[in-house]
Amino acid sequence: MAKKEKAKKDSQLLVRINSEQRDAFLEACDELDTSAAREIRRFIKQFLKDYETNKSS
């Protein structure tokens, strides 16, 4: 079975949040053995999936 090709990650998104939220988020990611970038990408993918589903309704 061929491995699914991944889209190249070639852009950045700057998000400003307060330092307390950032620190808590990074700590939670560390405790869950994941990265902040991975979780933000996962959120964006789910958001877009939900958006497309609701847009079609």
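1. Helices here are DSSP runs of H or I with at least four residues, strands are E runs of at least two, and both are numbered from the N terminus. On that basis the protein has 2 helices and 0 strands. The radius of gyration is 15 Å, well over the 10 Å from the globule rule for 57 residues, so the protein is more spread out than a compact globule. That radius is taken over C-alpha atoms, and the rule is 2.2 Å times the number of residues to the power 0.38.

2. A word on provenance: this is a predicted model, with local features needing pLDDT of at least 70 and side-chain atom pairs counted only at pLDDT 80 or more, while totals for chains, interfaces and linings use all residues. Numbering runs from 1 along each chain as its sequence is written, and side-chain values use heavy atoms, with hydrogens and water left out.

3. On overall extent, the C-alpha trace spans about 40 × 35 × 25 Å along its principal axes. Buried residues account for 7% of the 57 (buried is under 20% relative accessible area, exposed over 50%, partly exposed in between, with a 1.4 Å probe and protein chains only). The accessible surface is about 6200 Å², and carbon and sulfur atoms hold 53% of that (Shrake-Rupley, 1.4 Å probe; for residues, only the protein chains shown count as cover).

4. The largest pocket holds about 880 Å³ of space, and among its 23 lining residues Ala37, Arg38, Ile40, Arg41 and Ile44 are the closest to its centre. By pocket I mean an open set of points on a 1 Å grid over the protein atoms alone, where a 1.4 Å probe fits, with protein on both sides within 12 Å along at least five of seven lines; lining residues have an atom within 4 Å of a point. Points are joined across faces, edges and corners, and the volume is the space filled by probe spheres set on them.

5. Who builds that lining? Both α1 (19-31) and α2 (36-56) supply at least two residues each, and α2 gives the most, with 9.

6. The loop between α1 and α2 deserves a look. Asp33 lies in this loop and has a positive phi of about 55° despite not being a glycine. Most residues other than glycine have a negative phi. Asp33 is also exposed, at 68% relative accessible area. Ser35 sits in that loop too, but is partly exposed, at 27%. Its C-alpha is 9.7 Å from that of Phe25, 10 residues away along the chain.
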